[in-house]
Amino acid sequence: MSGKIMAINAGSSSLKFQLFSMFNAQTGQADEQVLCQGLIERIGMDDAVFNLRAGDVKWRETLPIADCRQGAEHLLHALIEHNIIDSLAEITGVGHRVAHGGEAFADSELITPDVLAQIEQLGVLAPLHNPVNALGIRVFQQALPHASAVAVFDTAFHQTLSQTSYLYALPWRYYEELGIRRYGFHGTSHKYVSGVCAERMGRPLESLRIVSCHLGNGSSLCAIGNGRSVNTSMGFTPQAGIMMGTRSGDIDPSILPFIQQTEGKSATEINQLINNQSGLLGVSGISHDYRDVEQAANNGDTRAQVALELFAERIRAVIGSYIVQLGGIDALIFTGGIGENARHARQQICRDLAFLGIELDEEKNQKNQFFIQKETGPVQIAIVNTNEELMIARDVMRVAQTLPVQPALAIQ
């Protein structure tokens, strides 16, 4: 059996994918080779863009793609047309990223009619994501009826949080009746990078106290103890937590009705304000992109400088609280677009934290080495390139038991 697994991330107007060979039939070993990856953008438009890369070879075309179903059909046809696979029968499993699993799913799940129905019902908690994720599942199940389908939930890793970490201090009925609690997101990323870091440290993940910083346009931190999520900064929605590209993160909730009454805004407009007009963009007035704000700050723009300082300070505050909750720290991880690439951000976040054992080596930081702490620093500081798609493919192998394959070392 070929052991080709596809990882799918379906959005409202996009479809991101990777195809892996998870098993080498000749050697009998796991190889986790990326056969191709790509993105379909502007689905629903006459000028949709299809990008596909296999090794060093890239294809790009602009064409009408009416919906997710047509996008999936075009993708699968392209895999054969470009000789990436000989037959669709070679794809033995499909993993689907699903935004919200609520309290129903503490792990990835083989998709059955009941599981799919639950995913759709959880659309009330993620109305912009779960319905689209469910549609993607249906489309690929019809296109690849022979392949095992597995749902990989962004929230599942955080289902190990204690009540004191996930409950809000609201009347109990709001949790009991409406499911209002901290769910957390980016779980697949936090789980992956913590495993890679532990492997590179040569220590069991279960023995480590880790703070993982997934920093990008959407950002979250996660406290990981004994290999389990202990706390995380995103909450009932991805809006909560630290300041992000366009999201405000945590603010005094009474600000919202004050603005609503003062400016006559609707609830929808208030939601757009804190989700799409705030964060780095709102404070700097320049961009949601950290790179643009950093360039403006270097050119002397004071609001851009304040935006970068706010971003770092919000993160530092959460790191400190998580170290208290974990009872110490063994490793601090940076991942995501900003975490992996923004040297200034890492420097600002680690500034003056030597009293906690966090000591950045600026030369290593500038070179983007894997470990960037000083030799004398007791806390490992790691830059880990996240790979949620590989984590999804691994979960397909584990949950669907598609092939009798042994766990492989993490790929960097």
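Let's start with a pairing across the chain: Asp107 and Arg398 form a salt bridge, with their closest N and O atoms 2.9 Å apart. Asp107 sits in the loop between β6 (91–98) and β7 (109–110), while Arg398 belongs to helix α15 (residues 388–400), so this pair ties together parts that are 291 residues apart in sequence. Asp107 is partly exposed, at a relative accessible area of 30%, and Arg398 is partly exposed too, at 40%. Keep in mind while you look around that this is a predicted model.

How many salt bridges does a search of the whole structure find? The search comes up with 19. Here are three of them, including the pair we began with.

| Pair | Closest N to O distance |
|---|---|
| Asp107 and Arg398 | 2.9 Å |
| Glu120 and Arg138 | 3.0 Å |

Lys364 is in helix α14 (residues 362–366) and Glu375 is in the loop between α14 and β13 (380–383), so the pair ties together parts that are 11 residues apart in sequence. Are these two partners buried or exposed? Lys364 counts as buried, at 14% relative accessibility, whereas Glu375 counts as exposed, at 69%. Elsewhere, salt bridges that share partners join Glu313, Arg316, Arg351 and Asp352 into one network.

**Two helices side by side**

Now turn to helix α2 (residues 113–121) and helix α3 (residues 130–143). They pack at an angle of about 155 degrees, and their axes are 8 Å apart. Angles over 145 degrees count as roughly antiparallel, so that is how α2 runs relative to α3. Which residues make the contact? From α2 come Leu116, Ile119 and Glu120, and from α3 come Asn130, Ala134, Ile137, Arg138 and Gln141. Sorted by class, the contact has four nonpolar, two polar and two charged residues.

Glu120 and Arg138 turn up in that contact, and they also form a salt bridge with each other, their closest N and O atoms being 3.0 Å apart. The pair links distant parts of the chain, with Glu120 in helix α2 and Arg138 in helix α3, 18 residues apart. Glu120 counts as partly exposed at 38% relative accessibility, and Arg138 counts as partly exposed at 36%.

**What about the cysteines?**

How many disulfides are there? The count comes to zero. A disulfide needs a pair of cysteine sulfur atoms within 2.5 Å. For Cys36, the closest cysteine sulfur is in Cys68, 16 Å away, so that is too far for a bond. Cys36 is buried, with a relative accessible area of 1%. Cys213 is in no disulfide either, and the nearest cysteine sulfur, that of Cys350, is 8.1 Å away. Cys213 is buried as well, with a relative accessible area of 0%.

**A stop at Lys265**

Where do you find Lys265? Look in the loop between α7 (255–263) and α8 (267–276). Lys265 is partly exposed, with a relative accessible area of 26%. If you leave aside its neighbours within four places in sequence, Lys265 is in contact with Ile259, Gln260 and Ile270.

Conventions:
Residues numbered from 1 in each chain as written. Predicted model: local features only at pLDDT ≥ 70, side-chain atom pairs only at ≥ 80, totals over all residues. Heavy atoms only, no water. Axes fitted to C-alpha atoms, helices over the stretch in contact; angles between N-to-C directions. Helix = DSSP H or I, 4+ residues; strand = E, 2+ residues; numbered from the N terminus. Parallel < 35°, antiparallel > 145°, perpendicular 65-115°, else oblique. Contact = heavy atoms within 4.5 Å. Nonpolar A, V, L, I, M, F, W, Y, C, P; charged D, E, K, R; others polar. Buried < 20%, exposed > 50% of the residue type's maximum accessible area, 1.4 Å probe, protein only. Salt bridge = Lys/Arg side-chain N within 4 Å of Asp/Glu carboxyl O.
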